[in-house]
Amino acid sequence: MAHTAIIIRMLRIVFYVALALSSFAALAGIGIFFVAVKDLPRVPEPLIRIIETPPTEIYAATGEKIMVIGGREFIPLSRVSQHFIQAVVATEDHRFWEHHGIDKLRTLKALWITLFKPGKVQGASTITQQLSKNLFFSFKRRYMRKFRELLVALQIESQYSKREILEAYINQIPIGVGAHGIEQGARTFFGKPASELTLAESALLAGLPKSPTRYNPYIHYDRAKKRQRVVLLRMVAVGYITQAMADRASYAELNLQKLPARARTGSYFLDIVVKSLEERYGPNVVHHGGLKVTTTIDPQLQSQAIKSLQKGLIELEKMMGVHTKTNESSGEKVVGPQGALVAVETNSGAIKALVGGRDYSETEYNRAVENKRLPGSGFKPFLYYTALEKLDINPATVFIDQPVTIPVIGAEDWSPRNFGLKHEGPMILKRALMKSVNSIAAQLVEKTGPEEVIRTARCSGIKSQLKPVYSVALGTSGVSPLEMASSFATFATGGVRHEAFWISRVEDALGRVLEEHIVGGKRSLDVSLVYQLVDMMRGVVDEGTGSIVRRLGFDLPAAGKTGTTDGYYDAWFTGFTPTLSTSVWVGYDKGEGLWDTRGMGITGGHGAAPIWADFMIKATDGEPHREFVIPSDIRLERVDLITGYKANDSTLNPMRIALREGQNLYENIVGDETLNDSTILFPSWAP
Amino acid sequence: MEWYEPRDFREWAKRLFAIRHLVLILFILSIFISELRFDWFEQTVGSYLVATNSKRPESGAIWEIGHRTITARKTLDKIVTDRQFLQREARGATTFTQMVLNILPNKGIMLSSERFRKIYLTLPQTIAQKIASPFEMLRLFSDGSWVRTYLEKAGDDLKIYLLNAHNRVLKELEIPSDLIQYIERVDMALTGTLEDLPSFENRIYSAAHFFAALRSLPQEDLRSVVSQPEMLLSMPGHIVRVGISDEAVSGFIELGFEIEDGTKRKVILLQGREWAVWTLRSYLEEKEGEPNTNVKSQNDRM
């Protein structure tokens, strides 16, 4: 009896404790409710209003849309494939049409698993709760955040119809590859509107919001297919489709749009566009203001530039015997050489193509703009122009290629060496540039002074810091490929400099013009001197260090200059036609030279010029044969490439040179008073 | 009956399953079941939140985006409004000076070629010639390629770009700051007297003396001294004195015509060709010896 009394007493205690706890929980719940409600965000009316933010759209010069920043493309539920709606409901919240914001059974089940199955956490968020979270809350896992999210979900359910909720949900879910909302997603992945999605496509897209990166079909196709299968099975389980339909959809081929690749086409380029816009208007306007930006890029040239650079780098790797790959065991990536390519329209300065590295997804460092690499001999055209201008010499003036030592005040003497460590003796100036002879370049810069060379470079469009030392003429100050392409474009236009630009017009969402680029050129170099230089640079392409361009089949009139730095750290080729100036750089990002499998260094002529040729052949496809304009005071002569004498029938190696009015070949033979203490060859040795 | 503690399970069970308790348990169960079935609790909470919605803050991710969008729109609206205001003012300008006043640093203005041509034509011939040859303007205007004109400040100078439909510069004109200042002075009648302008202080002549000397010049040279007599004629009041500047700029010498209009005095500036003004000065000095800087006081005494 006493035993029974004890049990009853125990039961009574348990009952009262439970009652007290329940009362406390109820009171605490009410308290928490009012605390949570205090800072609960206001739900907008109508719900879709805040989803509609105008996107900033970036267009190519051809009018093609190449990037969309921010914004949402809202579409009504009636314009969404029924398959997708069913797939989303089946996967995310199959009792969506029945509950009032919270699926209590699913929540209890999830709670049970979370509490009693260690290591397992199960979510039970309904579509309304997910919408609430996406619209108002951060993604930090906190109980109070979860509770507030639930409260807002309850409000949304009370305030809006199920169709309105689902409409808002599918218009804002992240689908991946930068797409938000089903319309953007359908167009991004399948190039079609959301209304035309098939069952297979709908199942694939409905599976992505769980983890757009993990299930990105462009990178992890198999994972995405497995996820698609999961979605299809859910649809079967819920009764939306039959097993046979699911099987058919599962095996159906997915025609993924190549759009994401194309969207990336201009990524390095788009980076500089967005950066410029942010500097001018501020990040807020760029990301939320709905700008319409017309750029200068030509998508076809851009696409070709990427292909040419990637193909060229693969060839370079073969030459070097290295491969860009990930070491499976260590996970460490073996990175091959990098590269950059910039193409500028000569008569405007408009950037038509810009690639800042081999793969934007691997590295966003823009080597076309930010990478200041030594141009080596690629800088010599600025020296040669300066020499033609200041030293009263011409392309047929004879110099001796011989070891030179130039005294430098307050420093060691400067003794530049030729690339091949050999000296060829006398040769005309044009040949010296074609063969990129350092000893003759050193003689020229000694006479002109480095400051004058820098002045020419500045007039042409080089903006980077240049050290006023003799060696600057041999490219010992870093410049970017963009600067090189832009400054060589000044040569292509006969000395008229156009500032490089990449944005031609900016409008607001209502089409009101915010800015327009004015295409104006400024004469900065003498037209006749530039022509003499261009003629010499044509020699580089036709018969000099860049002649591989011709061997690879580029046959339009072109001029250019190779560049290679000591230790083969950088290989350049910058060249131009009358309409397009293109600069290519290849090299390692850090401290490694370019060496082939035989241990020979790779020059600009072998590393960069083939990429240039490949790009320019495609870029100029179908263009007419267009010559550089010859100024009226220029006459073309043929001379002996060693003596500089006017060529005759017996001349073995005649070479074409350009002379200005008042210049004649006789002067070459008697020499020039201003230079007769230098190494210019006098006729004592001449025949 | 007084309450007593149940002494055994039977008693306890009897009490537990009493009708009153069963009704209570059924009532509680029905509440739970009806909640599961009809979601009335969620609906009640939801309705309460709907009712208090307007009192809650506009916070949270999507509201922040919304606010940023509104801020961005306002920023853009301001940029566009400012730009449109300047464009409107510039388009409404009737003189070159008015147009230049509307150009702010880093904010150029775009005009149609037609509008710019009209303003160009308001300039005195000598100044217009300095800005651009009228024949060059005629050539550009007639071939139809000149569509728009963009004007921007470059330091204190003014740059004018004559553009084609693709925004390519057909011709670039640069107007130095001293010429802009000069145009401003020509455009505006300066309130005050010739003594207020230091460049005239050495050569101020009475109007009668000046025009007598002017009459001595050959007929064909008169416009070389006074390029726009019509403009002077159109001014209210009458000319009382004329000053000749000591400085010649680009082959031109400035002349100041002091006009008395009731109790007010103002100075109109014109440019004369240097050689013609020199000739006139020799006539003036022959007739009077040295220029009279005290003419004003003499006139005032008259």
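Helices and strands in these notes are DSSP runs, helices of at least four residues and strands of at least two, numbered from the N terminus. Please keep in mind throughout that this is a predicted model.

1. **A tryptophan in a strand.** Let me start with A:Trp572, which lies in strand S17 (residues 570–576) of chain A. Is A:Trp572 buried or exposed? With 34 other C-beta atoms within 10 Å, A:Trp572 is buried, the cut-off for that being 20 or more. Beyond its neighbours within four places in sequence, its contacts are A:Pro375, A:Gly376, A:Gly378, A:Thr562, A:Gly563, A:Val584, A:Trp585, A:Gly604 and A:Ala608. A:Trp585 is worth a look: A:Trp572 and A:Trp585 are 13 residues apart along the chain, yet 4.6 Å separates their C-alpha atoms.

2. **Overall form of chain A.** The secondary structure of chain A amounts to 24 helices and 20 strands. Its radius of gyration is 35 Å, whereas the globule rule gives 26 Å for 687 residues, so chain A is more spread out than a compact globule. Of its 687 residues, 49% count as buried. Among contacts between residues at least 6 apart in sequence, 70% join residues at least 24 apart.

3. **Domains.** For chain A, the domain assignment gives domain 1 (1–38), domain 2 (72–259) and domain 3 (376–474 + 636–687). The C-alpha centres of domain 2 of chain A and domain 3 of chain A are 71 Å apart. For chain B, the assignment gives domain 1 (78–179) and domain 2 (189–301), with 31 Å between their C-alpha centres. Their contact takes 4 residues from domain 1 of chain B and 5 residues from domain 2 of chain B. On the domain 1 side, these are 1 nonpolar, 2 polar and 1 charged residues.

4. All 9 of the 9 residues of helix H8 (residues 199–207) of chain A are buried, so H8(A) is largely enclosed by the rest of the structure. Among the buried residues are A:Glu201 and A:Ser202, along with A:Leu204 and A:Leu205. The cover includes helix H2 (82–92), strand S3 (174–176), helix H7 (182–190), helix H9 (221–238) and helix H10 (243–251) of chain A. Helix H20 (residues 527–542) of chain A is mostly covered too, with 14 of its 16 residues buried. At 1.5 Å a residue, the 16 residues of H20(A) should span 22 Å, and its end C-alpha atoms are 22 Å apart, which agrees.

5. **Two hairpins.** In chain B, strand S8 (residues 252–261) and strand S9 (residues 264–273) run antiparallel and are joined by 10 bridges. B:Leu255 stands opposite B:Leu270 in S9(B). This hairpin has 2 residues between the strands, and B:Gly262 takes a positive phi near 65°. In chain A, 4 bridges join strand S1 (residues 56–59) to strand S2 (residues 65–69), again antiparallel. A:Thr56 faces A:Ile69 in S2(A) as its opposite residue. Here 5 residues lie between the strands, and A:Gly63 in the turn has a positive phi of about 95°.

6. **Backbone spots to check by eye.** The peptide bond from A:Glu45 to A:Pro46 is cis, with omega near -5°. A:Pro46 lies in the loop between helix H1 (2–38) and S1 of chain A. Next, phi of A:Ser436 is near 55°, a positive value in a residue other than glycine. A:Ser436 lies in the loop between helix H16 (429–434) and helix H17 (438–448) of chain A, and is buried, with 27 other C-beta atoms within 10 Å. B:Asn106 also has a positive phi, near 65°, and is not glycine either. The place of B:Asn106 is in the loop between helix H5 (96–101) and strand S1 (109–112) of chain B. Is B:Asn106 buried or exposed? B:Asn106 is exposed, with 7 other C-beta atoms within 10 Å.

Technical notes
Residues numbered from 1 in each chain as written. Chains lettered and ligands numbered in written order. Predicted model: local features only at pLDDT ≥ 70, side-chain atom pairs only at ≥ 80, totals over all residues. Domains from an automatic or database assignment. Contact = placed C-beta atoms within 7 Å. Nonpolar A, V, L, I, M, F, W, Y, C, P; charged D, E, K, R; others polar. Rg over C-alpha atoms; globule rule 2.2 N^0.38 Å. Buried ≥ 20, exposed ≤ 12 C-beta atoms within 10 Å, placed from the backbone. Expected span 1.5 Å × (residues − 1). Pairing = 2+ DSSP bridges.
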